[in-house]
Amino acid sequence: MSNTTEEMTASSEVFESPFKIKLKLMWRAFKENWKIFSESKIGMLGFWIVIIFAVAGFIVYPILASTVWKSTSLSSMVSYNPVTGYDFTIASNPAPPSLTHLLGTDPLGRDILAQLLYSTPREFALGIIAALITVFLGTTIGTISAFYGGVVDTFFMRLADLTLLFPFIPFLIVISGMMTVNLFMLALILGVLSGFGGITIILRSQAMIVKVKPFIESAKVSGASNPYIIVNHIIPNIMPLSFLYMMFNVTGAIFSEAVLSFFGLLNIRMSWGLMIYTADTAGYIVGTNIGTYWWLWLPPGAAITLICGAFYFIGRGLDEVVNPRLRRR
Amino acid sequence: MPKVEMANATDVVLKVENLKKFFPVRKGVFSRAKSFLHAVDDISFEIKRGEVLALVGESGCGKTTTGKTLVKLYEPTGGKIKFLDRDVTDLRSDVDKKWFHSKSQMIFQDPFESLNPRKTIFDIVSEPMNIQNKGNLKYREEKTMEILKRVGISPPNAFLWRYPHELSGGQRQRVAIARALVMNPEFVVADEPTSMLDVSIRTQVMKLMMDLISDMNMSFLYITHDFAVARYMSDYISVMYLGKMVEYGKTEEIIQNPLHPYTKALISSVPVPDPEFKRKSIQIKGGIGKAIDPLPRCRFYDRCLLAMDICAKKEPPLLDVGSGHKVACFLYDKKEK
Amino acid sequence: MIKYIGKRLAQILILLVIYVAVVFFLLHSMPGGIKAILATNPTLTPAARESILKAFGLNQSLPMQFVLYLKNIFTLNLGISYSFYPTPVWTIIAQRLPRTILLFTSATLISFFVGFASGKSLAWKRGKISEYVSTVIGVIAYTIFTPLLIFTLIWFFGSFLGIFPLNQFLNPDLWLHTNLDAQTIFLYLLLTISLVGLAMLVSFILAQKISHRVKTRKIIFYISTAIASALAIFWWAVSPVGIYAFDILWHMILPVISVTIVSYAGTMLVMRDSMLETIKEDFITTARAKGLPDKVVRDKHAARTAMLPVITNFVLSMGFVVSGGVITESLFSWPGMGMTLLNSTLAKDYPLASGALIFTGIFVLFAHLIVDIVYAFLDPRIRY
Amino acid sequence: MKKVSVLVLIVIAAFGIITLGAGVINYAMLSGVTTLNIWSMLGPNATAWNFYPGLVKYGSLYGQSDKTYQVVPNLADGFWTPLKKVTENGKTLYVTTVKLLKGVKWSDGTPFTADDVVFSYEVPFKLSLPGNWKATLDPSIFDKIVKVNDYTVKIYIKKPSGKFVYGILMSTIVQKKYWEPIYEKALKAKDPAKYMMSYGPVLNEPSIGAFTLPKWQKGAFLATNAVSDYTFKGQQEIEYANGAIRYVIPSLNKDDTYYGKAEGKIDNTFVTGPYVDSIIYKIYQNQSAAVSALLKGTIGFILNPNGMQKGFVAQLKTNSNIKIVSNPSLGFRYIAFNMRRYPMSDRAFRVAIAYLVDRNLLCNKILQGVAIPLSTVVPPGNKFWYDSKVKPYGAGMTTAERYGAAIKVLKDAGYTWLVEPKIKNGHLVQRGMGLIAPNGKMIKQITMMAPSAGYDPMRATAALWIEKWANDIGIPIVADLTSFNNIVNAVWSENFNFDIYMLGWGITIYPDYIRDFFYSKNAGPGGFNTPGYDNPAFDKIADEFIDQTDMNKAREYAFKAEEILNKDVPYVVLFTTPMLEAYRTDKISFAYTKALDGIQSGYSGYGETSLVKAVQYSK
Amino acid sequence: MKPILEVENLKMYYSTKLGYVKAVDGISFVLNEGESLGLVGESGCGKTTTSMAIMRLLAENAEILSGHIYFKGKDLLKLNNEEMNKVRWAGISMIFQAAMNSLNPVYKVGDQIIEAIITHEPNVTFEEARERVVNLYKLVGLDPKRIDNYPHEYSGGMKQRAIIAMSLSCNPDMIIADEPTTALDVIVQDMILKEMSRIQKKLNMSMIYISHDIAVIAEVAEKIGIMYAGKLVELSDSVTIFKRPAHPYTIGLMSSFPSVKGEKKELVTIPGEPPNLLNAPDSCRFAPRCPFATKECLEKEPPYEEIEPNHFIACFHPQNLRKQVNEYAKG
């Protein structure tokens, strides 16, 4: 502990701008955490899956859509659209994988791979927006409840209890049956609902632990105001945990989307869940069709499972960074 | 040293009169608290400039609460606190608060918990200046390095951008001391600052603090459960039991001539590092309880082997038995006896 | 303890009112509804539509509807289903709730014990390749897209192997020859399970009273449990309606497997974490130092203590399990609450959808309460 | 545990043997039955699922013939007498006399008489039962029914209307003996209508049909039992090529021929059963489950008003014992223009869109034959009412030719473009941009609401293609794939807040919907005339059509109306879907399988349960 | 006197990603029957690890590289787990540092003691075991009514007493007490220490006390071993250690300890901090902090030798110490 012998870049030039030093420190902290994280096989597995999907969705798809798939597009003037894209050269759909359609086509003659990749950034956006909203709400409410206690705390904790009771999917089903729910709406609903729920309780209890630490009292003795303490001491200390739960929330959001799409309850043009829905309602996931038309359900199904699992894995990996108690010695 | 400074040295920095701090004992969400824990119950003392007062007692006796109340971490339930001749019992205006918090500080027991693990040493040490908006960044950096050097962290710039977990226990406590002293406070509460440290380090830190106290001419309230440590650190000792001050006096006087049965028991139970020395042990009954809605009688009554009838009827007052040695026990109250 | 249960009940009642309010107002603030269904039905004349609107009382003000609704909930009068008009919602729910309870009680209990046992041994054998593999499998089971899992299960066990019924909750060819209502069987099954559970509880308490030897206690407990189960099985076997009960249970196997697969991993992972933390506790070292056999340390000391946070988490996952239930029920044609909820939503049947949602909530609430009570029994630190 | 499962296995196996009894056929249903109470079933609970098993018990005075859908007597003895104008209490009424068949018996042996008929008409009418009851016994038309003697009734109506034939004369008849005590109790209840509708479960109701319905295990199955002494058992329905239909009822010694002479070639002969002892309607909650069951042979036929999707067919084709049948369904998907807004109010604009819609490409290529091109509101399958003279816009054209035609129509009407679309060598080489109306104003974005892929992938796909076609020639249409509810809310809102929308209708044989959909008085909020179509000429013809009780005359008016609609294009009809059905040839055989809206359709008597035969095992 | 425990050159390292942490590096000592030994040292010096090695309760990544632990002549390191389980508690029992956490919170305290008895003596009935627990409670000064209470219903001192009762439950030949009083207040600490001393004398047990507090050890131990950074640097009877310490670390430790008795002395500090044991060098580990260190100290490992009867020390310069110490103490 005492003799951390690594050289300190900052040590020789003290009057370097603190901002730069902070950046370097952040980079160093990141590297250290990355080192711990990268020791977690599970975390790395998840990380690489996410990276592969991100590359495929954000980089490979636009390239393919405007080059390779463009030829099968309706008119040569626009890039491929996996919602309307229809290949006239194919005699009957769904067509099995071929060179032009690496994962085959769906019952409406659209390229499965294109649909898969097209949906990827949207799934990410959904998951991350929902998770960000959740974490923002959870952190804010958790901290405020923990710090101020009393009626505020009681109110938010009861609310959290209530939210926990909410059978999520059933509730979303009812909501999406009653109103138009698009991807952003869904992210908003999921984010807000889970933001008031379990994460708040967890972050609150974490904030409670931080709140009674002597360094908080130490700041108070120096005359720090409550907002100062919340912003400078409590939030930075519960942030890692928030980040961890963000990962689990991404999983939850993507999964919920898939389920709702699967029941055909969402108002979206394309998503992984919808791909399975299309295959299912058209009758390609029944009996031996499961094996015959595997390309209709396996890619989106695997994508959902992989991405949900990947974010979950990352969460588990982060858990080892955030909770040193789980660390292997 | 100039004469004026000398005169100031005898100034009373802190004067506490009948300080009380009660905590409500929760009885449910809706019902109001009906009982109170009398953590600090009517204690008075004063600390002069450059003096160290040690508060000694078992855990739960209210010594830490006293310390925290004095630096305004708790609002007192009753009594008065005078700091540098100003009444600071209720600090209303922001200016007053700022003034008070820049003049008083506290050092905590656990060096592993009293530093925010997500802040660098610079952030931690310069935080009081940051909160008080003192000086520009350069001033803060210089001041931070200066105080770090003073507490024996050297070279300071090698540590400035480290995180607490990269430091050893002793270094952390030095950083905590540096942080407390960076604003040149007049009065510092030190809550068992060495109890979590290893023996060899403990002595270093104790010596450091003694040096700093005399150098900076501060007033110290030193909270400890260890008479041996108190003996080395303080000028005066005050013994607390269940929120009450049971004995007060000059340090050597208390160590050599304890009067209160509780003090006697405490001192006699401190182990002595000498295998040939046989302590005479003074027995007391039972264990320490909690002062929840205490009856008006001597709090030590239940455990005292010398208890008299009067002890169950009245609370003994803290009386001077000569040369500033005060004790709250009817054994020494000539009137009652 | 009774005071504690009372307190929890009161809390739950308050939560229930808020829950009902949230559900009701959310549902009613949504656009659409019965008007939409009627408008698109060309066989109805405008006059016919108008008269239906009136019959459903949809023209009253929303707050008025809510006050009525709230009052009605506590009298189990949840209004009248649009799609089953004029069947009251409560009748439909009362019919479907036991099916869901039976399915979920079995599935959650099984998944809890599977998760508990596997999490326990995962943590105990830390660092082995098996830990890595089972964690990955667990997470995949946890995150697998439930419908796909169910499709595969149905195809494999139902169609390919043909050993389990494909779907439905009973075999019509068998039930054709009886005037028995499936509802009765469900209720009797629930009753049997409760009785066996009660017998287990009583024998557990008795065992504690009679003997102090762990082995003897175990023997008493196991024997009386076995007797109770045997009696139950015997009763069903000799009773003329036994075959019908077996038929229902037979149909329940695949759904239970599905729910178990998707929900055991959560328990397993939490149990593993909790166990890892517990192992580091000093009392485990004490137990080892006492020279207790490895198994005793693991089961009696580590697992028993590590179980407590797992139970807490179990409560939190209840909503998740119920969610999985909607999918399971609708894909297995198990006409319980989940399927009712989905179908009524799709049919825009406000009263039924909200009623189903509320009762799903109440179901979770009561499960919550029961687990709380169990928890209080298990953790001596909680003595209210 | 092992022992238990073995025990269960034995139990199941044992029942497998029991079910091998003869004469039982199994149908699959995809949704549960919500009621078996006829008052409720034809009221708010009018679902196809309720009808399948529920309607087997009842009769009506007149019905439609199998296959050709002509009005024929059912419980009536011959046709009704022509309407006669009479004045009663100052009211002008029209009266007809209907004779009833003698000797018809309910399943409990009670003879069928005029009392049953009068009761069956009076109860729903007096209680003002909602739904189909109200539509059938429309108070604006129906006045009263009077018993003349045991086998004769007189029906009074307020004005002549097609609904007299297709509604009043076809109203459902129940047994008075069974329902009268219940009705009396209902009259004493607070809400008699509700009392009647919530009475149940109505399992022991006597049947006048071929089956009774004694068993209903909620959520699982229903079972019907054949009526042993069914009056019409052995009835022969002989269809002649010249259009004549002959009914021979041996038990009543009757032999009647309608619509011509019983001579020449015989197309079909159907002999009424029932040929099975029982039909079990097993409830599966989703199609996959039912298909799996069909594959396994647990069921013989799947009832599904929406037909089957292609994938299921692909699966079922793998089994040689399963036969797939495809029929056009009775309904259509369409886009409608809000003619209250510009440019949708401009005929040229609508025609241009109509030209653009390449149904052939859409249905046969893109939708892979899961949709059948349809351009008229009356489908060709509805032989009597279909107007073959109506020619759709752009029939036989390629996509590029359609572009050209649409551009020409717009140009002729005075539209211009910022960038004009160009076609060269049968290809669009320049997409149009910035369509400008004849008045010089730029056409702003036009929103076309359509159901999202979640609700209906076919319509979503079609919408996106129409968007593309329109955009190609510069019409700024944006497809807004939204929830079904949203569309309905916008379309039936007070302020008609939509431009174009896409939905579908399920329709009836008698095309009175033509009037409902386009009659100018129905253009108000919540009315069926969603486009706000207002053509006095059309209104007049529609009125004439609806008032006709002579269906041949009615047909002429209907044709006229269809032609006007084709010219004015308030709707662009897109396609209909084929009814794909499958049954196991080793379990079940149908008398005929070519039927509008499928074997199971209501027009052929729900799979014509009295004609269905069980294929016996030679096992 | 018969030796009951002989530790010979015990080396126990923790293997980490960065290398070996030399937690216990070649320590040897002998404990006789009925004798009490105190092991003193600062945190991380290996004293707890030593006790855990004796009990064979080491972490997964701990490796015993060499050495023997003979208990009544049997080498504990050679026993399999089942054999070791028989030695545990019946042969050697232990009082743990954190009494607060040493009892399982979900079982009654009495049951946890009974469990130990029944495990080791299967013939004892529950009632007999319970009777024994009652006697043990009386022995350690606890109210026997408390047997059926749960740990959270005990105060800190009571828990410590219960732990002591538990450690005595199987009549062990030897008890290892690891910081038995650290978390307690002085008065309670005093009582417990007295109690333990009394019981040890009464039952004539062997005892190892482990503490960082030399004053505590001075009260109870007959023999004291001073540990520093994984090594035993000095071992002798307590009087010798206090009156004639020979190792510079022991000397520093003695004079840095404040006392309430005697005159107020100036405290002497040992400069610097204990070393990191990760890949620690094979030289005198105290050399960097030692005011008397020579070049030799920084290069070689000092031998562990008996400089006078029963006085072992690991230092190159024990002879000329006295004089230097006196000078050092003066100024």
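Residues are classed by relative accessible area as buried under 20%, exposed over 50% and partly exposed in between, with a 1.4 Å probe and the protein chains only. The model is predicted: local features need pLDDT of at least 70 and side-chain atom pairs count only at pLDDT 80 or more, whereas totals for chains, interfaces and linings use all residues. Residues are numbered from 1 along each chain as its sequence is written, chains are lettered from A and ligands numbered from 1 in the order in which they are written, and side-chain values use heavy atoms, without hydrogens and water.

Asn253(D) is exposed, at a relative accessible area of 72%. This residue is not a glycine, yet its phi is positive, at about 55 degrees. Asn253(D) is placed in the loop between β13 (245-249) and β14 (254-258) of chain D; helices (H or I, at least four residues) and strands (E, at least two) are DSSP runs numbered from the N terminus. A positive phi of about 65 degrees is also found at Asp42(B), again not a glycine. Asp42(B) belongs to strand β2 (residues 35-48) of chain B and is partly exposed, with 33% relative accessibility. Most residues other than glycine have a negative phi, and most peptide bonds are trans.

Two cis peptide bonds in chain D are described here. One runs from Gly273(D) to Pro274(D), with omega near 10 degrees, and Pro274(D) lies in the loop between β15 (266-271) and β16 (278-283). The other joins Tyr342(D) and Pro343(D), with omega about 5 degrees; Pro343(D) lies in the loop between β19 (331-337) and α11 (347-356).

With a disulfide defined as a pair of cysteine sulfur atoms within 2.5 Å, the count over all chains is zero. For Cys61(B), the nearest cysteine sulfur is that of Cys298(B), 14 Å away. Cys61(B) is buried, at 0% relative accessibility, and Cys363(D) is likewise buried at 0%.

Chain D comprises 19 helices and 31 strands. Its radius of gyration is 27 Å, close to the 25 Å that the globule rule gives for 619 residues, so chain D is as compact as a globular protein of that length; the radius is taken over C-alpha atoms, and the rule is 2.2 Å times the number of residues to the power 0.38. Along the principal axes, the C-alpha atoms fill a box of roughly 80 × 80 × 60 Å. Buried residues make up 61% of the 619 residues in chain D.
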